[in-house]
Amino acid sequence: MIKVAPSILSADYTKLGQEINSVSGADYLHFDVMDGVFVPNISIGLPVLESVRKITDMPLDVHLMIIEPYRFTTRFAEAGADIVVFHVEAETPENINKAIDELHNLKKRVGLSIKPNTSAEAVIPYIEKLDMVLVMTVEPGFGGQKFMPQMLPKISKLREHIDGHGLKCDIEVDGGINLETAKICVHAGANVLVAGSDIFEKADRAGRIAELRAV
Ligand code: DX5
Ligand code: ZN
């Protein structure tokens with residue numbers, strides 16, 4: 001089954017509660033955290049996550065685009081994340097393993113994300129312990145960018161590995177997802193679709209979520 005995760009990076013923050021309500025039929029709410037160092041942009045963080053946690057039961061899929069994410073993984077878990085996703089490029093192998101184990105002890109799901117220039121192999125050492133791999137299909141940092149079709153072989157390779165080893169890890173794609181690109185990502189093996197601008201620019205968001213789920 002395909003899951004859809006609207007990214008509130010594209011929401012109107014003056015009415016964030018209403019914006020979240022308008023996508024409450026989706027599977028996850030995608031929450032992008034940027035530090036201005038790992039990516040050339042700054043977004044939202046812990047206080048916003050705490051507030052969002054109070055107004056929705058949606059599973060919160062927190063995508064940390066920050067350097068040395070192990071410093072903060074527990075705090076994001078405690079602030080209400082259900083799934084904590086951080087970048088393999090941003091942390092040491094030792095801290096990646098510690099973060100995964102500690103998040104699992106807190107009963108949270110854990111994902112590792114890879115930027116466009118990072119190969120699928122980078123997550124393989126951890127994949128048996130992961131709940132999700134997030135394949136970035138744009139350079140992280142901004143919504144509304146164009147999908148990079150060169151990422152498709154990476155998705156297929158991960159899908160082959162996951163199925164070939166009987167693992168349950170999800171494959172999430174993020175960046176430039178619309179009906180057309182969602183279809184090719186699902187065909188390549190993705191099963192969780194993040195979409196920011198493609199959902200929030202529509203008047204009928206529930207309708208678009210249903211269409212994305214059915215690609
Ligand atoms: C970008 C973020 C994305 C972003 C996607 O670095 O990780 O989640 O919101 O936006 P769209 O769907 O507009 O490409
Ligand atoms: Zn994201």
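**Around ligand 1: a short tour**

Hi everyone! Let's start with strand β2, which gives the most to the shell around ligand 1, with 3 residues. Before I go on, please keep in mind that this is a predicted model.

So where does the ligand sit? Ligand 1 is found in the largest pocket. The elements that contribute two or more residues to its shell are β2 (29-34), β3 (60-65) and β8 (192-195). In total, 20 residues surround ligand 1, and the closest are Ser7, Asp32, Gly141, Asp174 and Ser197. If you sort the shell by class, you get 8 nonpolar, 10 polar and 2 charged residues.

Now let's look at some contacts. Which residues have polar atoms by the oxygen atoms of ligand 1? One of them is Asp32, with a polar side-chain atom 2.8 Å from an oxygen atom of the ligand. In the side chain of His63, an N or O atom is 3.3 Å from a ligand oxygen. With Gly141, it is a polar backbone atom that lies 2.7 Å from an oxygen atom of ligand 1. And how much of the ligand's surface does the protein bury? Taken alone, ligand 1 exposes 380 Å², and the protein buries 100% of that.

Let's finish with another residue, Glu78, which belongs to helix α3 (residues 73-78). Is Glu78 buried or exposed? Its relative accessible area is 60%, and exposed means over 50%, so Glu78 counts as exposed. Leu49 is 29 residues away from Glu78 along the chain, and their C-alpha atoms are 9.9 Å apart.

How values were computed:
Residues numbered from 1 in each chain as written. Chains lettered and ligands numbered in written order. Predicted model: local features only at pLDDT ≥ 70, side-chain atom pairs only at ≥ 80, totals over all residues. Heavy atoms only, no water. Near = heavy atom within 4 Å. Polar contact = N/O pair within 3.5 Å; in protein donor to acceptor, adjacent residues only side chain to side chain. Areas by Shrake-Rupley, 256 points an atom, 1.4 Å probe, with all protein chains shown as cover. 1 Å grid on protein atoms, 1.4 Å probe; cavity = no way out; pocket = protein on both sides within 12 Å on 5 of 7 lines; lining within 4 Å. Sits in = over half its atoms within 2 Å of the grid points. Helix = DSSP H or I, 4+ residues; strand = E, 2+ residues; numbered from the N terminus. Nonpolar A, V, L, I, M, F, W, Y, C, P; charged D, E, K, R; others polar. Buried < 20%, exposed > 50% of the residue type's maximum accessible area, 1.4 Å probe, protein only.
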